Amino acid sequence: TSDSVSLKGGVITSETIIHELGHAIDARRIGGTNYLQSAGDDKLQKTFEKECKKYEKQGGKISYCYNSFDAQGRLVANYSNDAPYATVNLQEMFAEAYTEMMLGYTSSSGNTISNNFPETMKAIKGIIEQTRQLPDNVRH
């Protein structure tokens, strides 16, 4: 993990840029080490897992990721397309939640987060607020 993100492909929308900015906020460096804020928060991880199970029990679909290699031998992540992207893992939930906070929606997760993951969203908002409160030399 690093504090940079990669954008590749065709047209890059403002939603994509905001989503990737969410990843950059999640992956900010602390004390010179790589650190995902979402992965380092045990309470957030447990809340996300609990709400995923509840969402699935209520008939919601969870996106799963599997890796494969393309013709050039590059690693490619593949996701089930019939489920909200925010459910892939906590890092994607963080980026999708940030996108929803900034834009009021996400095209890849719809209103799934605000409707089905309220505690996860609240915890992510808390992490973002804590990040905003840090001095510039620590935050960037």
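User: Is Thr47 buried or exposed, and why?

Analyst: Start with the idea: buried means under 20% relative accessible area, exposed means over 50%, and partly exposed lies in between, using a 1.4 Å probe and protein chains only. Thr47 counts as buried because its relative accessibility is 14%. Thr47 sits in helix H2. This is a predicted model: local features need pLDDT of at least 70, side-chain atom pairs count only at pLDDT 80 or more, and totals for chains, interfaces and linings use all residues. Residues are numbered from 1 along each chain as its sequence is written, and side-chain values use heavy atoms, with hydrogens and water left out.

User: Which residues does Thr47 touch, not counting residues up to four places away in sequence?

Analyst: Contact means heavy atoms within 4.5 Å. By that rule, Thr47 touches Glu119 and Thr120. Pro118 is 71 residues from Thr47 along the chain, yet their C-alpha atoms are separated by 9.6 Å.

User: What about Lys54, is it buried or exposed?

Analyst: Lys54 also belongs to helix H2. Its relative accessible area is 51%, so Lys54 is exposed. From Lys54 to Phe117 is 63 residues in sequence and 9.3 Å in space, C-alpha to C-alpha.

User: How many helices and strands does the protein chain have?

Analyst: Helices (H or I, at least four residues) and strands (E, at least two) are DSSP runs, numbered from the N terminus. The protein chain has six helices and two strands. Along the sequence, the pattern is α-α-β-β-α-α-α-α. Of its 140 residues, 34% count as buried. Take the contacts with a separation of 6 or more: residues 24 or more positions apart account for 55% of them.

User: How do I read the length and covering of helix H3?

Analyst: The expected span of a helix is 1.5 Å times one less than its number of residues. H3 has 14 residues and reaches 20 Å from first C-alpha to last, close to the expected 20 Å. H3 is mostly covered, with 10 of its 14 residues buried. Among them are Leu90, Glu92, Met93 and Phe94. The buried residues of H3 pack against H1, H2, helix H4 (112–116) and H5.

User: At what angle do H3 and H5 cross?

Analyst: Axes are lines fitted to C-alpha atoms, for helices over the stretch in contact, and angles run from 0 to 180 degrees between N-to-C directions. The axes of H3 (residues 90–103) and H5 (residues 118–133) come within 10 Å and cross at roughly 80°. H3 is therefore roughly perpendicular to H5. Angles under 35 degrees count as roughly parallel, over 145 as roughly antiparallel, 65 to 115 as roughly perpendicular and the rest as oblique.

User: Which residues meet there?

Analyst: From H3, they include Met93, Phe94, Ala97 and Met101; from H5, they include Met121, Ile124 and Ile128. The contact residues divide into 10 nonpolar, one polar and three charged. Here Ala, Val, Leu, Ile, Met, Phe, Trp, Tyr, Cys and Pro count as nonpolar, Asp, Glu, Lys and Arg as charged, and the others, Gly among them, as polar.

User: How many residues has the largest nonpolar core?

Analyst: In soluble globular proteins, nonpolar side chains tend to be buried together. A nonpolar core is a set of buried Ala, Val, Leu, Ile, Met, Phe, Trp, Tyr and Cys residues joined through side-chain atoms within 4.5 Å. The largest one here has 19 residues, and those with the most contacts inside it include Phe48, Met93 and Ile124. Helix H1 (14–26), helix H2 (42–57), H3 and H5 each supply at least two of its residues. H3 gives the most, with five residues.
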